[in-house]
Structure formats: structure tokens, C-alpha cells
Amino acid sequence: QLVEMVPAGVDHAVAFLVDAKTLTHPDRPILVVNLYDYVEGLEDQGKGPQRGATFRVVPSEMWSVQNNLTISNMDWEEFAENVDGDGIFRGFE
């Protein structure tokens, strides 16, 4: 629902959400939502197949996700493919 509520022209790459799982899980994993998926040649830029995709991140690693995705230093997949078995990104080992 969040992805559909984002106004056109907003240039935020991701959103961080606190939900029931964040508040009840011992690691407090925050939900990360991909708001902008760039795909070269796509007519409707920003609405690639990874738009709306999610993973979770522990609070101590939020800075890494936010900083690197915001400046396009790293791609969504680099974080999403490095989550643990429970879907939580705890940093690069």
C-alpha cells in the first residue's frame, strides 16, 4: 500500500517502516521498502520489477542501507541478496 501512496516525482529510494514484527522481534528488524527501481530503457522509470520489494534490517545497519542506496553506491540486490535465512540484513560478513 505504501508504494501506491508515494506521490509522483518523489525522489526517495527507500522507506523504513516500524511494524509489529519490529516491535516484537528481539533484533528489532525494520522493514525496508524499495520505492524506486531504475531499469535502463524502461519507459516508466523507477517502476522496475523490484519496486515494492522488501527486506528487513537491524537498526545498527540502517545507515549502510540508507547511505548506499540513496547515493546509488550500491544496488537494492546487493542488500536483499545478503539477508540471513530469516530475511534480515545484519551487515556484510
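Which residues in helix α3 (residues 62-70) are buried? The answer is Ser-64, Val-65, Asn-68 and Leu-69. This report begins with that helix and then turns to the overall fold, the sheet and the aromatic residues of this predicted model.

## Helix α3

The buried residues of α3 fall within an arc of 105 degrees when the helix is seen down its axis, so they line one face of the helix. An α-helix has 3.6 residues a turn, so residues three or four places apart point the same way.

The buried residues of α3 pack against several other elements, namely the strands β1 (14-17), β2 (30-34), β3 (54-57) and β4, together with helix α4. After α3 comes Ser-72, a residue with a positive phi, near 60 degrees.

## Overall architecture

The protein contains four helices and four strands. Along the sequence these elements follow the pattern α-β-α-β-β-α-α-β. The radius of gyration is 13 Å, close to the 12 Å that the globule rule gives for 93 residues, so the protein is as compact as a globular protein of that length. The C-alpha trace spans about 40 × 30 × 20 Å along the principal axes.

Of the 93 residues in the protein, 33% are buried. Among contacts with a separation of 6 or more, 46% are made by residues 24 or more positions apart. The accessible surface of the protein is about 6000 Å², and 51% of this surface belongs to carbon and sulfur atoms.

## The sheet

Strands of a sheet pair through backbone hydrogen bonds, either parallel or antiparallel. In this protein, four strands form an open sheet in the order β1-β2-β3-β4, and the pairing is mixed. The edge strands of this sheet are β1 and β4, each of which pairs on one side only.

How many bridges join β2 and β3? These two strands pair in the antiparallel sense over four bridges.

## Aromatic pairs

A pair of aromatic rings is described by the distance of the centres and the angle of the planes. The structure holds four aromatic pairs. One of them is formed by Phe-79 and Phe-89, with 5.2 Å centre to centre and 80 degrees between the planes. This pair is edge-to-face, because planes over 60 degrees apart are counted in that class. The pair links distant parts of the chain: Phe-79 lies in helix α4 (residues 76-80) and Phe-89 in strand β4 (residues 88-89), 10 residues apart.

Are Phe-79 and Phe-89 buried or exposed? Phe-79 has 0% relative accessibility and therefore counts as buried. Phe-89 likewise counts as buried, because its relative accessibility is 0%.

Another pair consists of Phe-79 and Phe-92, which is tilted, with 5.5 Å centre to centre and 45 degrees between the planes. This pair also links distant parts of the chain, with Phe-79 in helix α4 and Phe-92 in the segment after β4, 13 residues apart. Phe-92 has a relative accessible area of 41% and is therefore partly exposed.

Phe-79, Phe-89 and Phe-92 form one aromatic cluster.

Conventions:
Residues numbered from 1 in each chain as written. Predicted model: local features only at pLDDT ≥ 70, side-chain atom pairs only at ≥ 80, totals over all residues. Heavy atoms only, no water. Phe/Tyr/Trp six-rings, centres within 6.5 Å; stacked < 30°, edge-to-face > 60°. Buried < 20%, exposed > 50% of the residue type's maximum accessible area, 1.4 Å probe, protein only. Arc of directions from axis to C-beta. Contact = heavy atoms within 4.5 Å. Rg over C-alpha atoms; globule rule 2.2 N^0.38 Å. Areas by Shrake-Rupley, 256 points an atom, 1.4 Å probe, with all protein chains shown as cover. Pairing = 2+ DSSP bridges.
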